[in-house]
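Please keep the model open while reading.

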Amino acid sequence: MYRRWWSPERIEHPDLEEINRRAFTWFKSTLTEQTHDIAAQEGRTGASAILHKAAQVRARAIDGNEWAHYVYFALPVGARRAHDYGLFFSTIHPGLSALKYAQSRQFGECQSRLVSRNWEAAATIMVALAETEAMIEASILKME
């Protein structure tokens with residue numbers, strides 16, 4: 001661990017087990033805080049937000065700017081980050097790793113369907129994505 005990004009000075013030498021423990025603690029606390037947030041209470045985070053967006057996609061209720069945001073930014077970045085987390089968890093939490101890899105594929109599938117403007121297929125994948133997100137959240141909350 002370093003004190004600052006300029007002129008770095010190492011202040012700790014945690015081993016891999018400690019780094020993983022801190023990461024688990026951070027993931028769990030972030031998710032726990034999110035569930036108490038007003039946005040979560042209004043259904044604007046997690047699986048409920050994804051299901052809401054799936055309904056909008058199914059109804060073709062997204063404009064060109066939002067479509068472009070999902071196709072060119074949100075879904076590709078989401079797929080890459082989910083894959084990165086799948087790799088991170090591969091040796092320390094195989095179940096969560098499998099969920100993150102599945103989520104990565106779902107982001108990619110959704111992007112592909114949106115590119116072709118196959119609204120129904122994109123919405124169906126988003127529903128599956130919401131289910132995966134709920135399983136990921138449950139898995140993180142069970143972490144010790």
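Predicted model: local features only at pLDDT ≥ 70, side-chain atom pairs only at ≥ 80, totals over all residues.

Two residues are said here to touch, or to be in contact, when heavy atoms of theirs lie within 4.5 Å.

Taken as a whole, the protein has 6 helices and 0 strands, and along the sequence the pattern accordingly reads α-α-α-α-α-α. The C-alpha trace spans about 55 × 30 × 30 Å along its principal axes, and the accessible surface comes to about 9000 Å², of which carbon and sulfur atoms account for 58%. Of the 144 residues in the protein, 33% are buried. When contacts between residues at least 6 apart in sequence are considered, 61% of them join residues at least 24 apart.

The packing of the helices comes next. Two packed helices are described by the angle between their axes and the distance between the axes. For helix α1 (residues 16-35) and helix α4 (residues 64-89), the axes come within 12 Å and cross at roughly 135 degrees; angles over 145 degrees count as roughly antiparallel, and α1 and α4 are therefore classed as oblique to each other. The crossing in which α1 passes α4 is left-handed. On the α1 side the contact is made by Asn20, Ala23, Phe24 and Phe27, and on the α4 side by Tyr85, Phe88 and Phe89. By residue type, this contact of α1 with α4 divides into 6 nonpolar residues, 1 polar residue and no charged ones.

Helix α4 also packs against helix α5 (residues 94-115), and here the axes come within 8 Å and cross at roughly 160 degrees. The two helices, α4 and α5, are therefore roughly antiparallel to each other, and α4 passes α5 in a left-handed crossing. The residues of the contact of α4 with α5 comprise 17 nonpolar, 8 polar and 1 charged.

Is Gln106 buried or exposed? Its relative accessibility is 13%, and because buried means under 20% relative accessible area, Gln106 counts as buried. Leaving aside residues up to four places away in sequence, Gln106 touches Ile125, Ala128, Leu129 and Thr132.

How values were computed: Residues numbered from 1 in each chain as written. Heavy atoms only, no water. Axes fitted to C-alpha atoms, helices over the stretch in contact; angles between N-to-C directions. Helix = DSSP H or I, 4+ residues; strand = E, 2+ residues; numbered from the N terminus. Parallel < 35°, antiparallel > 145°, perpendicular 65-115°, else oblique. Left-handed = near helix turned anticlockwise from the far one by under 90°. Nonpolar A, V, L, I, M, F, W, Y, C, P; charged D, E, K, R; others polar. Buried < 20%, exposed > 50% of the residue type's maximum accessible area, 1.4 Å probe, protein only. Areas by Shrake-Rupley, 256 points an atom, 1.4 Å probe, with all protein chains shown as cover.
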